[in-house]
Amino acid sequence: LDWDPSLGAVVLRPERGYSSGEQVFVSYGEKSSGELLLTYGFVPTLGSNPNDSVTVKISLDPQDPLYDTKSAAMQEYGLASTVQFPVRMTGYPTTLIPCAAFVALENVSMDQVWEAAQDAFAPEWPAGQRLGRSLGGVAGEVAGREVVREALRDLKDGYKGSMEDDKALASEDSPARKSNPGKRTRIASKFLDPVKVTSAAVVRLRERQIIARISIVVYNEQREFKRLTISNSDKKDNNVSWTTRFFRP
């Protein structure tokens, strides 16, 4: 939908030409189930929406001695001190780990921070590309994933109740589903619309599933990079000493 000043009207333009009498379908767009619930009042069947996602926030630590330098470097690339990434069941954005590795950098010079920012916040980050020396290399891969795991744990801890509770509310046998749609049912000590209770449970359950899966993926990746870090523990040069967690100059 677009506002057309010349017509003084809101105009819906199709993506292609249509023949007279041909059926036209309107898409809701690439929205998560949570967005669909809040905007349109419905939720797709659990697991059927490929656009379901969870927002992972990667933030600078205000107590970081390099906070001001890192923050200034991020502002140079149009970023605030907190960057949000949509994480889906199928994976995470390729730019997530470079950003997290940048946040994890410690004991580096200001010049090294700016060099790392140039690499971390490049317009594109090819899938499968490993971090370069400015972001810590293999040790940066480990440290960045630790930052992501901490962010995922914070998300998980932010939900009230358990996943089992949401599974029960979202199931076909849920009291909310069996309630008369015309009535309000007493759930969680409040009178709530049964349909809304079930829909919200479906959204939360999917989000929790995404968090659980990506947490496992990131943990397994981190474990593999730790093995590489240990295998390189005796390799030193003038710039890097390998550790199990952080890149150090």
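Visitor: Which residues form one aromatic cluster?
Guide: This is a predicted model, where local features need pLDDT of at least 70 and side-chain atom pairs count only at pLDDT 80 or more, while totals for chains, interfaces and linings use all residues. Residues are numbered from 1 along each chain as its sequence is written, and side-chain values use heavy atoms, leaving out hydrogens and water. The one aromatic cluster is formed by Tyr 28, Tyr 40 and Phe 42.

Visitor: Is the pair of Phe 102 and Phe 121 stacked or edge-to-face?
Guide: Rings of Phe, Tyr and Trp (its six-membered ring) pair if their centres lie within 6.5 Å, with planes under 30 degrees apart counted as stacked, over 60 as edge-to-face and the rest as tilted. The structure holds four aromatic pairs. In the pair of Phe 102 and Phe 121, the centres are 5.1 Å apart and the planes stand at 70°, so this pair is edge-to-face.

Visitor: What is the relative accessible area of Phe 121, and is this residue buried or exposed?
Guide: Buried means under 20% relative accessible area, exposed over 50% and partly exposed in between (1.4 Å probe, protein chains only). Phe 121 has a relative accessible area of 12%, so Phe 121 is buried.

Visitor: Which residues does Arg 145 touch, not counting those up to four places away in sequence?
Guide: Arg 145 counts as buried, at 6% relative accessibility. Contact means heavy atoms within 4.5 Å. With residues up to four places away in sequence not counted, Arg 145 touches Tyr 92, Ile 97, Val 218, Glu 221, Gln 222 and Phe 225.
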